[in-house]
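Subject: A structure for you to look through

Dear colleague,

I am passing on the structure we spoke about, and below it you will find my notes on what turned up when I went through it. Please keep the model open while you read, so that you can follow each step on the screen.

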Amino acid sequence: MVNINSSIEEELQKFKEISFKLGSNKNLVQAAGGNTSIKINDSMYIKASGTWLQDSLNKDIFVEVNLKSIQKKINDEIDDNFVEDIISTNDLRPSTETSFHALIKFKYVLHVHSTSTIANAVYTNSEKLLKEQLGKDIAFVPYIRPGVPLTNRMKSLINSDTQIIILENHGLIVAGDNLEKTYELLINIHNELDSLYYNDTFPVYDKEGEVDVSGYVLKNTEKYSIYCTSDQKLINIFSKSLYPDHVIFLGPGIPVFKSADDANSFNIEMNKKGINLPPFLIIEKYGLFQSNSCIDAASEMIDCFTEILLRLRLDNEIKFFTQDQENELLNWDAEIYRQTIN
Ligand SMILES: [Zn+2]
């Protein structure tokens with residue numbers, strides 16, 4: 001006789017192993033971003049809000065929730081954090097993106113902030129480009145705040161066969177009933193989009209000596225040479241934001257200064273006003289500087305942003321977040337909870 005509990009344990013273990021693999025790949029998942037779920041009977045196990053997928057195997061980061069109850073709320077378009085639907089007793093809250101996991105009928109749902117997907121999903125013509133590249137079966141969801149608003153928008157754009165969903169200015173969702181195949185499909189899409197385009201030529205500037213920004217260090221590896229510029233087109237991109245975690249962890253744009261003196265004066269003013277200093281700032285031609293008090297999540301997020309920048313088609317029309325979209329993310333209660341536990 002097959003022991004039902006042990007087969008559930010086995011399914012969960014395999015699911016955690018794949019979640020760990022996704023979480024360990026920084027081009028797919030950065031910090032607490034990205035989430036995975038598995039549906040078993042009337043329950044769904046989903047990554048908890050604020051936890052890191054890379055901890056899937058060494059920490060308790062999944063929450064069991066009542067799938068039927070959440071599906072009913074989605075049906076009734078109720079905006080909720082699903083705290084009442086928690087079954088597990090580990091004192092964690094389900095991901096802020098729980099609702100679309102419940103909306104999708106497949107057993108497994110894997111959602112990542114793939115750098116190559118984001119880089120190809122921020123143009124005015126992204127839907128056309130992505131459908132040409134990946135086929136007509138993908139669903140392309142125009143940007144809307146993550147959470148229940150996004151799920152409501154997805155309802156009319158996916159059907160029961162949709163396995164690949166690209167979220168404009170946000171990321172990738174891949175769903176399926178076979179865990180390994182779903183994972184492989186996700187990796188294949190990321191890799192296919194990754195090989196499409198790469199910016200590798202940047203002007204080299206003759207810098208006059210070194211500059212010092214108090215409390216910051218220069219990120220001077222080759223990858224970061226993209227920031228050693230005075231090209232206004234690039235500077236315009238640095239000072240805007242492109243996807244939700246960009247806003248949450250790097251702020252609405254990275255401050256760019258003409259000189260280190262300007263940056264130092266700005267920081268002194270900020271300190272006087274009791275405002276937190278930015279985790280990163282840029283000095284034209286000299287590059288990107290990281291604050292000594294930068295948290296790990298921001299550090300992963302700048303790597304992600306840089307990988308995206310390197311894959312952006314700079315001659316395409318790019319869709320940046322508006323100030324309203326940035327404010328809506330920064331003031332969202334669920335996001336504030338996620339940031340507090342990071
Ligand atoms: Zn997301």
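A residue is called buried here if 20 or more other C-beta atoms lie within 10 Å of its own. By that count strand 2, which runs over residues 43–47, is mostly covered, since four of its five residues are buried. Please bear in mind throughout that this is a predicted model.

**The chain as a whole**

The chain holds 13 helices and 11 strands. Its radius of gyration is 21 Å, close to the 20 Å that the globule rule gives for 342 residues, so the chain is as compact as a globular protein of that length. Along the principal axes, the C-alpha trace spans about 75 × 45 × 35 Å. Of the 342 residues, 41% count as buried, and among the contacts between residues at least 6 apart in sequence, 71% join residues that are at least 24 apart.

The chain is divided into domain 1 (4–194) and domain 2 (216–310 + 312–340). The C-alpha centres of domain 1 and domain 2 lie 27 Å apart, and 23 residues of domain 1 are in contact with 26 residues of domain 2.

Which strands does strand 2 pair with? On one hand, strand 1 (residues 35–40) pairs with strand 2 in the antiparallel sense over four bridges, and within this pairing Tyr45 of strand 2 is the bridge partner of Ile38. The hairpin of strand 1 and strand 2 has two residues between the strands, and in it Asn41 takes a positive phi near 55°. On the other hand, strand 2 also pairs with strand 3 (residues 62–66), again in the antiparallel sense, over five bridges; here Ser43 stands opposite Asn66, while Met44 stands opposite Val65.

These strands belong to an open sheet of seven strands, in the order 3-2-1-4-7-6-5, whose pairing is mixed. At its edges are strand 3 and strand 5 (139–141), each of which pairs on one side only. Neighbouring strands of this sheet are turned by 20° against each other on average, with direction ignored.

Helix 1 (residues 4–24) touches strand 1, strand 2 and strand 4 (108–112), and its direction makes about 165° with that of strand 1. Helix 7 (residues 179–194) also packs on the sheet, where it touches strand 4, strand 6 (164–167) and strand 7 (171–176), and the direction of helix 7 makes about 155° with that of strand 7.

**Strand 4**

Is strand 4 mostly covered or mostly exposed? Five of its five residues are buried, and so strand 4 counts as mostly covered. In a regular strand the side chains alternate between the two faces of the sheet. In strand 4 both faces are covered, with Tyr108, Leu110 and Val112 buried on one side and Val109 and His111 buried on the other. Strand 4 pairs with strand 1 in the antiparallel sense over four bridges, and Val109 is the bridge partner of Ser37 there. With strand 7, strand 4 pairs in the antiparallel sense over five bridges, and in that pairing Ile173 of strand 7 is the partner of His111.

In soluble globular proteins, nonpolar side chains tend to be buried together. In this chain the largest nonpolar core has 84 residues, and those with the most contacts inside it are Leu110, Ile173, Val174, Leu250, Leu281, Ile282 and Met301. Helix 11 (residues 296–310) gives the most to this core, with seven residues, and the core draws at least three residues from each of domain 1 and domain 2. If residues up to four places away in sequence are left out, Val174 touches Leu110, Gln163, Ile164, Thr182, Leu185, Leu186 and Ile189.

Asn264 has its place in helix 10 (residues 260–273). Why does Asn264 count as partly exposed? It has 17 C-beta neighbours inside 10 Å, whereas a residue needs 20 or more to be buried and 12 or fewer to be exposed. Asn264 and Asp212 are 52 residues apart in sequence, and their C-alpha atoms are 8.8 Å apart in space. Not counting residues up to four places away in sequence, Asn264 touches Val213 and Ser214.

With best wishes

Key. Residues are numbered from 1 along each chain as its sequence is written. This is a predicted model: local features need pLDDT of at least 70, side-chain atom pairs count only at pLDDT 80 or more; totals for chains, interfaces and linings use all residues. The radius of gyration is taken over C-alpha atoms; the globule rule is 2.2 Å times the number of residues to the power 0.38. Two residues are in contact if their C-beta atoms, placed from the backbone, lie within 7 Å. Two strands pair if DSSP finds at least two bridges between them. Axes are lines fitted to C-alpha atoms, for helices over the stretch in contact, and angles run from 0 to 180 degrees between N-to-C directions. A nonpolar core is a set of buried Ala, Val, Leu, Ile, Met, Phe, Trp, Tyr and Cys residues joined through C-beta atoms within 7 Å. Domain bounds come from an automatic or database domain assignment.
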